[in-house]
Number of protein chains: 2
Amino acid sequence: MKQRSSIIGSVEALPHRVASHLSREIEGGDIIPGARLPTESQLADKFGVSRNVVREAIAQLRADGMIEARQGVGAFVMAPEQRTAIRIDREALKDQRNMEQLFELRSILETESATLAAARCTSDDLDAIKAALDRMGGEERWEDGSIEADLLFHRAIARATGNGYIYTFISFVCEQIRQSIHYARLTNPLHDLVEVNVAEHVRIYDALAAHDPQAAGEGMRRHIDGAASRVGVELTAKINRGK
Amino acid sequence: MKQRSSIIGSVEALPHRVASHLSREIEGGDIIPGARLPTESQLADKFGVSRNVVREAIAQLRADGMIEARQGVGAFVMAPEQRTAIRIDREALKDQRNMEQLFELRSILETESATLAAARCTSDDLDAIKAALDRMGGEERWEDGSIEADLLFHRAIARATGNGYIYTFISFVCEQIRQSIHYARLTNPLHDLVEVNVAEHVRIYDALAAHDPQAAGEGMRRHIDGAASRVGVELTAKINRGK
DNA sequence: ATCATACGGTCATCCTACAACTTCGGCAAG
DNA sequence: CTTGCCGAAGTTGTAGGATGACCGTATGAT
């Protein structure tokens, strides 16, 4: 009798579902910043779960700085500006417009990443980048290992900047894009474009090896544009990008 | 008898302390990615807390993708690349080197933010930016409202890019910097530099109003450099930044 | 040798109880 | 009427135990 009926069949754990529900309510503006949430008991009743599950859900939101709990008073919604963590809703990326924006952000980060890396990279860094490049070219199939090698290539460049935050941010953004694209790829094979992709990477690597910041940045910018269009995302507003 | 002795005097809640401890152990490499954590009961004993507290701590780490729990098996630490959230350790920012790197990231994001905003901003956007600018100039004291207005200015620009992710990332990075600097400011007053700061903002605003992307980007880049040096952070490696 | 089953370990959830804290109202002293 | 104390009620924080669901492995039958 303990395990209550799941109401809605779902593989997700209860705390995560409660957290997502509350998160959407907050993001959607149903609860304005500064307002108090219902008590844990009320939420437990509302969702049909135990208070314990509600507490775990709130613990997650609290860690993100989305809500703040004060003992003896209640839990309050925080202003969206003072979040202590960035989290990207993967559901939202099904919207083409959001995907475009994420690619634009990636373009900014990676272009500058390549520029910095060209000026700073050591021979060890170059070796790591080259290794990823070789592994990518070695795979004739697009599917499995190729994508991993692709990510490895970009991360190796980010690491070569010597800036840990740049590495973290780029890894994060790329991973979000990868997972969003993963299953969407099944619709269009686009294997024939692998050579184009590899060629773009080679171009970037050459610029890095030559320690030519401008060429590296330019090569990366074009590569991201190309990668975006290859998955059906057009980076509009190319204005003010040139130079 | 229930409330156990806190062992270490701390105002932080128990789950947060446990989560921080585990997080440090993972970041520090004490636990290799893929390895299994001790069971919840063992952790509860180890930290001298109830299993409930351990679960809340793990819930936080799980939300970040730092660990993955499989029912009936155990909890495993994930590779740092596939985190689902970005979180910046504020303690680490006490290290000058990390602060420099964060400023460098901010410089990248904000420079491009200003560039894009110059090309895309509407009159409404400009009004919002101008309002923040006026509010900043209105305050003769540096302390309280001035900093808020400063952040508002930068966020307004980020919003004018029309890219929600850029807004989110910039808000996040700026907030981290602000809170890290907050108390460190007490040592050096530096009130006399307020005019310089405002002047830099005016220069950026003028470029935005003129819809001059290059001037806006350049103005922002210089402003971040100036802001960094004003709090004692020197952005070295200005290489490859010009042009 | 292969497959089905039983078993122990672990996470997931629930429940109750209590401690710590805040808020608010009543009540008495000034 | 104002002020200050104090206790009741409500809320979050923590403890601890019980049970269900799930996984991996060992055991035993075929």
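A network of salt bridges links E40(A), R51(A), R55(A) and E56(B), a salt bridge being a side-chain nitrogen of Lys or Arg within 4 Å of a carboxyl oxygen of Asp or Glu. This is a predicted model, in which local features need pLDDT of at least 70 and side-chain atom pairs count only at pLDDT 80 or more, while totals for chains, interfaces and linings use all residues. Residues are numbered from 1 along each chain as its sequence is written, chains are lettered from A in the order in which they are written, and side-chain values use heavy atoms, with hydrogens and water left out.

**How the chains relate**

**A salt bridge between chains**
- Over all chains the structure holds 32 salt bridges, and one of them joins R87(A) to D64(B), with the closest N and O atoms 3.1 Å apart.
- The pair crosses from strand β3 (residues 85-87) of chain A to the loop between α3 (51-63) and β1 (67-70) of chain B, where helices (H or I, at least four residues) and strands (E, at least two) are DSSP runs numbered from the N terminus.
- D64(B) is buried at 6% relative accessibility, whereas R87(A) is partly exposed at 33%; buried means under 20% relative accessible area, exposed over 50%, and partly exposed in between (1.4 Å probe, protein chains only).

- D225(B) and R221(B) meet in a salt bridge (3.5 Å, N to O), and they are separated by about one helical turn because they lie 4 residues apart in helix α9 (residues 213-230).
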